[in-house]
Amino acid sequence: MSSVPTPTTSPETPPVPAAAAGHDGSWLTRWLMGGRLRWVVVFFSLLALVVAWGAVLLELDSKRQDAIKAEVRQNANLALALQEQTVRVLAAVDQATLRLRDTVREGRFHLEDYARFANETGLAPDILTQLSYVGADGRFIGSNIDPGGDKTGHVDLSGREHIRAHLQPELVQAAAGQMSTNGLFIGKPVLGKVSGKWTIQLTRKISAADGKVLGVVVASLNPRYFEEVYSRVHLGVQGVVTLIGDDRSVRARVIGGESKGLGVVLAPNSYIGTSTVPDEGFNIRASAVDGVERIVAHHRVGSYPLLVLVATTTEAALDEWRSTRMVALVLTTLFSIAVVGAAVLFLADVRQLEAKNRALQLSEAQA
């Protein structure tokens with residue numbers, strides 16, 4: 001009689017499903033079922049976007065500041081170079097006024113000295129249009145283009161500011177802002193009664209040894225020369241180069257390569273409206289005339305009461321930076337789209353995995 005085999009399992013102890021054996025207790029299942037992985041993905045995606053955009057914006061701001069600083073350096077260097085060119089002309093003319101003053105004071109003046117002193121500067125007649133002598137009564141005596149005063153006559157110039165500054169002491173104080181330390185007065189542009197041209201008048205008083213006023217030496221400069229020099233500097237359509245006195249009166253100005261504003265007096269709230277303008281410096285400000293923001297650098301012309309201002313628009317200074325900004329923003333935007341797209345796809349895969357996991361658990365439970 002054969003024996004009946006002993007069953008290996010008891011009907012009362014069914015097999016344990018895989019899920020019950022610990023699969024649903026794994027860390028991945030807990031994360032997936034708890035939804036924490038979604039928040040991790042969202043957090044790190046947002047962190048990546050914040051870091052990327054923050055770094056790009058900080059770098060763009062740094063590049064912008066570098067562009068402004070570079071423009072300031074450029075304008076300051078141009079102002080320095082142009083004032084050196086200007087001071088050479090003024091120094092040569094100033095020397096001629098000193099020669100004529102000393103000759104008259106010492107009583108050894110001759111009519112041919114007008115032309116001789118003017119020609120020694122190397123600036124006559126295009127730049128130094130006239131070197132003349134005005135008497136103590138304010139009347140024209142002679143010049144290098146009219147030595148005896150026969151052509152124009154002894155016209156009365158006593159009403160002109162550059163003459164009154166020396167002959168009428170009460171005006172000297174009012175005009176002191178345009179008197180250099182060595183006694184040279186630099187007047188506003190005027191239409192010459194003798195030359196018939198717009199000129200900048202440089203004048204110096206002639207006094208005898210006993211202090212008696214003998215007259216005034218007048219050197220007439222053609223402002224067109226300075227405008228031609230300044231127009232060669234390419235600063236853009238709205239770039240400005242200005243030769244201006246401490247009295248805020250424009251001696252020469254070039255805007256976008258064209259001469260404009262000769263003789264204009266700037267408002268008290270202008271760039272040099274205060275009486276404490278340093279010999280050199282810069283500022284970024286909107287123009288009171290056209291409202292355009294400009295980067296302005298200035299430099300004093302030697303020891304003379306004049307400043308050279310060089311100004312370029314902030315917009316022009318940032319042209320290259322704006323191109324860099326556009327590229328950086330486009331690339332960062334593409335990166336952001338890629339990060340968001342990757343996060344969305346990953347979360348979609350997670351949802352599919354969760355669905356499969358739930359289906360597997362349900363299948364195992366049913367089994």
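Reader: Let's start with the open sheet: how many strands form it, and in what order?

Author: This is a predicted model, and in it five strands form an open sheet in the order 2-1-5-4-3, with antiparallel pairing.

Reader: Which strands stand at the edges?

Author: Strand 2 (140-143) and strand 3 (184-191). Each has a single partner strand, so one side of each is left without a neighbour in the sheet. From one strand to the next, the twist averages 25 degrees.

Reader: How many bridges join strand 1 to strand 2?

Author: Three bridges join strand 2 to strand 1 (residues 128-135), and the two run antiparallel.

Reader: Back up a bit. How many helices and strands does the chain have?

Author: Eight helices and 11 strands. The chain has 367 residues, of which 40% count as buried. Take the contacts between residues at least 6 apart in sequence: 54% of them join residues at least 24 apart.

Reader: Now helix against helix. At what angle do the axes of helix 2 and helix 6 cross?

Author: Roughly 155 degrees, and the axes of helix 2 (residues 36-105) and helix 6 (residues 223-231) come within 11 Å. That angle makes helix 2 roughly antiparallel to helix 6. Their crossing is right-handed.

Reader: Which residues in helix 2 and helix 6 meet there?

Author: From helix 2 you have L82, Q85, T86 and V89, and from helix 6 there are Y225, F226, V229 and Y230. The residues of that contact divide into six nonpolar, two polar and no charged.

Reader: And what about helix 2 and helix 8, how do their axes cross?

Author: The axes of helix 2 and helix 8 (residues 319-366) come within 10 Å and cross at roughly 175 degrees. Helix 2 and helix 8 are therefore roughly antiparallel to each other. Their contact has 19 nonpolar, five polar and six charged residues.

Reader: What is Q83 in contact with, leaving aside neighbours within four places in sequence?

Author: The contacts of Q83, with those neighbours left out, are H299, R300, V301, G302 and V308.

Reader: One more: where does T312 lie?

Author: T312 lies in strand 11 (residues 306-313). T312 is buried, because its relative accessible area is 2% and buried means under 20%.

Reader: And what is T312 in contact with?

Author: Apart from neighbours within four places in sequence, T312 is in contact with E71, Q74, N75, L235, G239, E293, R294 and I295. As for G239, it and T312 are 73 residues apart along the chain, and their C-alpha atoms are separated by 4.5 Å.

Reader: Great, thanks, I'll go and look at those.

Methods:
Residues numbered from 1 in each chain as written. Predicted model: local features only at pLDDT ≥ 70, side-chain atom pairs only at ≥ 80, totals over all residues. Heavy atoms only, no water. Axes fitted to C-alpha atoms, helices over the stretch in contact; angles between N-to-C directions. Helix = DSSP H or I, 4+ residues; strand = E, 2+ residues; numbered from the N terminus. Parallel < 35°, antiparallel > 145°, perpendicular 65-115°, else oblique. Left-handed = near helix turned anticlockwise from the far one by under 90°. Contact = heavy atoms within 4.5 Å. Nonpolar A, V, L, I, M, F, W, Y, C, P; charged D, E, K, R; others polar. Pairing = 2+ DSSP bridges. Buried < 20%, exposed > 50% of the residue type's maximum accessible area, 1.4 Å probe, protein only.
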